[in-house]
Amino acid sequence: MTSTYTTGGAGSLEGCAADDLAAAVAVSDPGALLMSMVHVTGDVTLVDEFEDRLARARAESGAASGTHYGVQSGTVALAPGQFPPEVAAAIRERAEQVLGQDLKVRLAVPDEALFRRMAALCTVTEVDDEFVPLLLEQAGFETGRRRVPVTTSPPADFDVIVVGAGMIGLNAAIKLGEAGFRYTVFEARDEIGGTWSRNTYPGAAVDTPSHYYSYSFELNPDWTRYYPSGPEYLEYMRGVAEKYDLYRNIELSTAVISANWVEEDQKWVVVTRSADGAVTRHTASAVVTALGMLNAANIPEFDGMDSFEGRIVHTAEWPADLDLTGKRVVVLGTGCTAVQVVPSIVDEVASLDAVVRSPHWIVPEKAVVNDVPEGERWAMRQLPYFQQWFRLRAYWLASDNLYPMPRIDPEWAATHLSASPVNDLVMQTALRYLERSFPDRADLREKLTPNFRPYAKRIVKDPGFFAALDRDNVTLHRASFARIHPDGVTTTDGTFIAADVIVLATGFKLEFASFIDITGRDGRKLADLWRNGDDPRAYLGIQVSGFPNLFVTAGPNAAPNHGAGHNITSEEHVHYLVECLQYLVEEGYSAMDVRPEALEAYNRRVDEALDRTVWAHPGAAVTGYYRNSAGRPVTPCPWRLVDYWTMLREPVVENFVFTRPS
Ligand code: NAP
């Protein structure tokens, strides 16, 4: 991969055929085109003009005069952010004239007031002032704004150990390095990439838009699809690792097996085991676990499993040599993974039996499999700030505009399966999609209709699952496995399915960091405290009392489940931990430990906020990784992304006990 990522805005028409621009303008997002015009001309009256045009178009169509975050209670547009066709056409017409002159930037980063107006116009929604700092960062205009004053460099003996070289581990490596901290990343696997190196099953892809699901400080103009495939995402991560020269600080094939806080030394002792079995002891002032959440394959046990004469594979452990051509294949599961696998293998297998224990809410999303047209990729590369505004839109439309979705309106929920009018819109969209996909198959519609509230499990965007179910060689069973035999499977409804290969698309066990033996102050084990990951609690989803200078990234209740993006968790958590470490350096402290009362107060607030959501009250018995064995939601973050981002700007020092070096 060539590292062509940029955050700058300078484009050039040099060397481009005259019709490149016309081709690009014809297919590119009008909001981002309009904003690029403002940067190129420096002409702010374009903003006035198109605000007026938008208002007039809305008035003429009788549409509401703007929606808040794109969602208005009761009368929600599920596809907010679209320009009326006549306004989009006017933008394209103007773009050909204006951008055809030259691409010199006459306005770089606008002031906050203008930026807010531009963001609102670009996204065709309302944007309040409180979102501006977050949007400036997430769009890639302003990277790495530090909060804790930086007057002192980290001492030479202040080492940081990062566990894992996936999205957050690489992010931590980059930002720790930039802040002057010495660090080492240990990665158990033999390559970087975490989830995207592990999940190599056919059809593996991200279900968050490419232009958002990436680092805001490393925009990639070259995404070939609006939702990246797993291999393309892995390439992106490799490119970033190379660009920042991270490999020299990453030890691959090296698993961290334990971490022990040594009070006298104010250090962690971290023990690793490398692929050749060598066990090594390291010391560090701080430890960052960057393990992601979904890292341990959930492999259910079924009677007779050992007797199967074919192959049983879990999607997260896909064997490179597995050839499904002409095979009879059974797929268990209906989550994001299963819906990607099924359409990807349907053409090559002899028969495919999809076994669905409980269907998920599945919605259509054409862009999931769409390529980014070459013209729009040209615009990303050439038009000043086009890609920043494109990313801003991708972020905005997948973030706090969706905050109301999992929230329960008690009056509505008393008489509906859905949780609220907006939640109902998702349900109706999914039901209509089901109806449209299988107009003559009442049996399939019934088998595929969930009985819980939308958002109680992740909403699944369909990459072709429904279309595959309609194929002659595919059978759907609303059941689970009762028993596995040498030559197939009996389902819980008594059907025998002959099989050569069983694919377990059964998701992941949630362990958080507790599979590493982590011992804090007074010999306390994190695994005991968190009941092996079943009952984890952390302050801000990151810090645990009694475990000084330990940062558990992507910890409990930190996932943006109303919206999207492990990437935003990554950037928030890494920013926060760098601020914490810088604070220690500035003040000459050796350690910070969150006060138990702060951790408890924070978690009380988390529980209260979650109690008003479908995650706590799914409306039916619901399995899945959002909730623990007692039914408490352990992954979703209850806050708006903007609130959580704000909380994570810098440590609230009153909430910590600090220690000086002995
Ligand atoms: P998942 O959402 O947890 O789904 C697991 C599926 O396996 C469910 O249908 C579940 O049924 C079934 N299952 C589990 N144990 C079972 C058992 N003992 N018997 C019968 N069925 C069983 O897992 P996933 O599909 O791998 O997705 C996990 C998460 O990874 C997603 O939510 C997403 O965040 C991420 N992911 C993302 C992408 C992407 O970005 N495109 C792709 C893959 C995964 P029940 O519902 O009945 O429990």
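Trainee: Is helix α11 (residues 374-382) largely enclosed or open, and why?

Mentor: A residue is called buried under 20% relative accessible area, exposed over 50%, and partly exposed in between, with a 1.4 Å probe and protein chains only. Helices are DSSP runs of H or I with at least four residues, numbered from the N terminus. Helix α11 is largely enclosed by the rest of the structure because seven of its nine residues are buried. The buried residues are G375, E376, R377, W378, A379, M380 and Q382. This is a predicted model, in which local features need pLDDT of at least 70 and side-chain atom pairs count only at pLDDT 80 or more, while totals for chains, interfaces and linings use all residues. Residues are numbered from 1 along each chain as its sequence is written, and side-chain values use heavy atoms, with hydrogens and water left out.

Trainee: Is E60 buried or exposed?

Mentor: E60 belongs to helix α3 (residues 45-61). Its relative accessible area is 67%, so E60 is exposed. From E60 to Q388 the C-alpha distance is 31 Å, and the two are 328 residues apart in sequence.

Trainee: Is N628 buried or exposed, and why?

Mentor: N628 counts as buried because its relative accessibility is 9%. The residue is in the loop between α19 (596-610) and α20 (641-647).

Trainee: With which residues is N628 in contact?

Mentor: Contact means heavy atoms within 4.5 Å. Leaving aside neighbours within four places in sequence, N628 touches D534, D535 and V634. A polar contact is a pair of N or O atoms within 3.5 Å; within protein, one must be able to donate a hydrogen and the other to accept it, and residues adjacent in sequence count only if both atoms are side-chain atoms. The side chains of N628 and D535 form a polar contact of 3.5 Å.

Trainee: How many residues surround the ligand?

Mentor: A residue is near a molecule if one of its heavy atoms lies within 4 Å of it. The ligand is surrounded by 27 residues, of which A205, T337, S358, K457 and T623 are the closest. Helix α10 (residues 336-345) contributes the most to this shell, with three residues.

Trainee: Which polar atoms lie by the oxygen atoms of the ligand?

Mentor: A polar side-chain atom of S358 is 2.2 Å from an oxygen atom of the ligand. For a polar backbone atom of T334 the distance to a ligand oxygen is 2.8 Å, and for a backbone N or O atom of A505 it is 3.3 Å.

Terms used
Helix = DSSP H or I, 4+ residues; strand = E, 2+ residues; numbered from the N terminus.
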